[in-house]
Amino acid sequence: MKKAEASMQTLVAYVENKPGVLNRVASLARRLAINIDSLTVGPTENEEIARMTIVAHTDEKGAHRLEASLEKLVDVLLAENISERSLLERDLALIKVLADQQSRPHLMELIKVFRARVVDVAPESLILEVSGTVDKIDGLLEVLRPFGVLEMARTGRIAMTRGGDLLRPPVAAPGDADLASTGSKLK
Amino acid sequence: MKLTGAEILCESLTRLGVRHIFGYPGGAILPVYDALGKSKLHHILVRHEQGATHMADGYARASGGVGVAMATSGPGATNMVTGIATAMLDSSPVVCITGQVSSKLLGSDAFQEIDITGITMPITKHNVVVSRADDVARTAREAFLIANSGRPGPVLVDITKDAQQASTEFNWEASAPQLPPKRLRNHHDQAEFDRAVELLNSAKRPIILAGRGIMLSGAMRVFEQFVRAGNFPVAMTLLGIGCFPAKDPMNLGMMGMHGEAWVNHAIQESDLLIAVGMRFDDRVTGDLRTYAKGARKIHIEIDRAEINKNVPVDAALIGDAREVLEKLLPALEKRERGDWLAHIRELKGDSAVRDIQNLPDSGHLYAAHVINDLWKETKGEAIVVTDVGQHQMWEAQYYHHDQPRTLITSGGLGTMGFALPAAIGAKFAKPDSEVWVVVGDGGFQMTMSELATIVQEKIKINIAIINNGYLGMVRQWQEFFYDKRYVATPLVAPDFAALANAFGIRGERITSRGDVTPTIRSAREASETVLIDFRVEQEDSVYPMVPAGGSLHEMIRRPNNPLVETATEP
């Protein structure tokens with residue numbers, strides 16, 4: 001058995017886009033005593049199906065239980081732990097930071113380095129928009145802190161496997177042999 | 001054809017094959033009851049909604065079909081919670097239908113409004129609120145499909161009063177289930193299958209751990225072929241009892257906390273565990289760090305979430321037990337396993353259960369005697385429904401079940417009060433079968449109001465109360481682990497025979513061994529329900545016992561007391 005070390009595990013789930021599903025997913029994590037670090041939900045190209053990215057602080061065994069238990073929920077079409085796969089992760093943050101005449105030029109330098117954007121300008125503050133990996137946003141936050149961070153909102157992570165490694169919702173009726181092939185490598 | 005939501009529900013249930021509904025009416029479900037009166041469905045009025053869920057559960061377990069319970073909103077629904085959880089933990093297909101306040105009142109704390117889908121979310125396989133008459137038929141069909149497919153479990157359908165009252169066009173064909181498409185996961189790869197076959201054919205000391213999944217998938221026949229083909233000894237979980245005949249020489253009996261010593265020793269000494277439709281519950285494994293250390297493990301299981309949950313396995317075959325066994329069977333190579341089987345026989349001889357029939361009558365009445373006499377008298381053919389505690393373990397040890405679905409017991413949740421209502425449900429499922437309730441004096445007092453249901457429905461079952469004046473299993477733990485400080489376990493009970501009489505049921509009280517068999521006989525011959533109050537030894541304990549969290553091979557053995565221990569095998 002592998003040593004049980006807690007780390008950040010990233011799961012993607014396709015769920016029915018209807019009331020109560022988020023509650024079921026969150027309640028399941030609570031029942032398994034797994035702490036969710038971030039959970040994002042958004043629509044997919046099919047409006048009846050939503051896609052979730054769940055980042056949880058747990059070990060590999062916990063991630064397996066979460067994945068398998070999620071898939072037992074009637075409203076969950078597919079759940080998959082993609083932590084070990086080659087993937088792209090993005091987080092987006094809006095940061096309202098103090099910016100007076102003196103600090104503003106220095107701030108603008110940092111913003112350029114981090115490829116953030118100024119999306120709101122007020123006499124005493126700026127709102128920055130930055131997207132990227134969690135590390136990048138944390139890094140920006142670190143250097144902004146001395147200027148005075150007034151407010152922050154983050155979306156939480158969304159993730160997608162790279163290239164031909166497709167993770168698509170199953171579409172056919174149960175019993176359809178094609179179902180077995182969804183979620184596998186692109187043919 | 002225009003029908004109300006309530007009428008559509010009754011029509012749908014009828015088309016789904018339902019004949020019996022266990023329930024209790026109230027304001028928010030009244031439209032359904034009004035429609036029930038015009039249908040051919042047989043409604044059994046219970047005395048408490050917990051009883052309704054246990055009855056539906058007992059019905060499901062005895063029949064293999066879906067049991068249906070019904071209640072009103074609010075307290076009617078919350079009273080179902082224990083029964084739903086019981087069904088969930090033992091994978092029993094039960095559909096619970098609750099009334100709900102009208103949709104426009106939802107969330108307003110209206111009279112008898114409660115968020116029952118919120119409450120039951122973690123204890124149902126699925127639950128749903130129906131607030132439109134148009135959705136009633138489809139939802140009912142989906143509920144039955146979900147409850148009794150895959151790993152079965154309870155489903156709750158909460159129907160608002162306006163959805164029951166509204167009229168709509170009823171179209172059965174257009175109301176087919178529309179469940180979200182799922183990825184099938186039971187396509188284990190060939191490598192996993194080959195590894196399992198390799199393990200099966202190379203094992204020197206294999207043992208099968210047989211669980212309830214065998215019964216749920218109807219795999220009894222192929223399972224027996226599998227046992228024969230591989231010459232595998234079989235250990236049973238509590239809920240697996242009956243899926244393989246007790247009289248079969250390859251059946252070692254029950255494993256785990258109160259399993260016989262040779263069974264647990266065989267597991268500990270094995271080099272391959274073949275787990276079929278069981279989930280390595282802590283009552284089965286004891287301390288996981290010392291559990292079957294020298295054994296490789298194969299897990300045949302339909303629920304992927306059970307794989308590697310408690311015990312890491314070497315090969316996981318995810319799927320329906322019957323299908324997996326059918327696939328494995330042709331790959332099995334016959335092995336004699338003479339040494340291994342001889343060794344198990346030796347273990348058994350060393351600590352053999354004492355054919356308690358041969359014991360002299362010491363003037364004491366032991367629960368094990370009562371249960372063993374009951375087994376003998378009924379030729380092991382009755383459906384026995386137990387409660388939870390010492391009597392439950394004695395039943396598992398001394399009533400030998402050869403047929404599936406003849407032991408009905410609350411294993412996972414361990415719900416006291418289960419036996420009497422579950423037995424009523426079982427009787428409706430199997431009206432021609434002999435049904436016995438085996439229940440303690442504690443558990444019986446939790447749901448004994450259902451005696452009135454028996455009388456009102458004019459059904460015939462037999463009730464054996466194993467009455468020791470204690471909450472016996474808890475007392476036993478206090479004896480072993482709390483220095484005999486019997487806090488809150490001595491228990492005053494009514495005169496059960498007189499109580500039965502008050503309900504209009506024949507009651508007997510037995511205090512000596514000699515009266516056991518004649519009274520069982522007379523109860524069996526009676527055409528109406530008979531309750532027998534067996535006043536057994538008060539401070540008897542269930543042996544062997546693996547203390548909670550202890551290692552499986554470190555059991556508290558039967559004391560060297562000739563009253564409860566002999567060395568002779570029949």
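These legends go with close-up views of a predicted model.

**View 1. Four strands of chain A line up in an open sheet.**
Reading across the sheet, the order is E2-E3-E1-E4, and the pairing is antiparallel. Strand E2 (35-43) and strand E4 (76-81) of chain A sit at the edges with a single partner strand each, so one side of each has no neighbour in the sheet. From one strand to the next, the twist averages 15°. As background, strands of a sheet pair through backbone hydrogen bonds, and they can do it in parallel or antiparallel fashion.

**View 2. Strand E1 of chain A is joined to E3(A) and to E4(A).**
Look at E1 (residues 7-16) and E3 (residues 49-58) of chain A: they run antiparallel, with 10 bridges joining them. To find one spot in this pairing, look for A:Glu16, whose bridge partner in E3(A) is A:Ile49. E1(A) is also joined to E4(A), by five bridges, and this pair runs antiparallel too. Here A:Val15 is the residue to look for, standing opposite A:Val76 in E4(A).

**View 3. A:Glu80 and A:Arg85 meet in a salt bridge.**
The side chains come together with an N to O distance of 2.5 Å. How exposed are the two partners? A:Glu80 is buried, at 9% relative accessible area, while A:Arg85 counts as partly exposed, at 23%.

**View 4. In chain B, B:Arg132 holds hands with B:Asp135 in a salt bridge.**
The N to O distance for this pair is 3.1 Å. B:Arg132 counts as partly exposed at 45% relative accessibility, whereas B:Asp135 is buried at 18%.

**View 5. B:Arg151 and B:Glu306 form a salt bridge between two loops.**
Their closest N and O atoms are 2.8 Å apart. B:Arg151 lies in the loop between helix H7 (136-147) and strand E7 (155-160) of chain B, and B:Glu306 in the loop between strand E13 (296-301) and strand E14 (315-318) of chain B, so the pair ties together parts that are 155 residues apart in sequence. B:Arg151 is partly exposed at 22% relative accessibility, and B:Glu306 is buried at 7%. Both belong to a network of salt bridges that also links A:Lys72, B:Asp303 and B:Lys309.

**View 6. Helices H3 and H18 of chain B cross each other.**
The axes of H3 (residues 49-63) and H18 (residues 419-429) of chain B come within 6 Å and cross at roughly 45°. That angle makes H3(B) oblique to H18(B), and the crossing is right-handed. Which residues meet here? On the H3(B) side they include B:Gly51, B:Met55 and B:Tyr59, and on the H18(B) side they include B:Pro421, B:Ile424 and B:Phe428.

Definitions and conventions:
Residues are numbered from 1 along each chain as its sequence is written. Chains are lettered from A and ligands numbered from 1 in the order in which they are written. This is a predicted model: local features need pLDDT of at least 70, side-chain atom pairs count only at pLDDT 80 or more; totals for chains, interfaces and linings use all residues. Side-chain values use heavy atoms; hydrogens and water are left out. Two strands pair if DSSP finds at least two bridges between them. Axes are lines fitted to C-alpha atoms, for helices over the stretch in contact, and angles run from 0 to 180 degrees between N-to-C directions. A salt bridge is a side-chain nitrogen of Lys or Arg within 4 Å of a carboxyl oxygen of Asp or Glu. Buried means under 20% relative accessible area, exposed over 50%, partly exposed in between (1.4 Å probe, protein chains only). Angles under 35 degrees count as roughly parallel, over 145 as roughly antiparallel, 65 to 115 as roughly perpendicular and the rest as oblique. A crossing is left-handed if the near helix is turned anticlockwise from the far one by less than a right angle, and right-handed if clockwise. Contact means heavy atoms within 4.5 Å.
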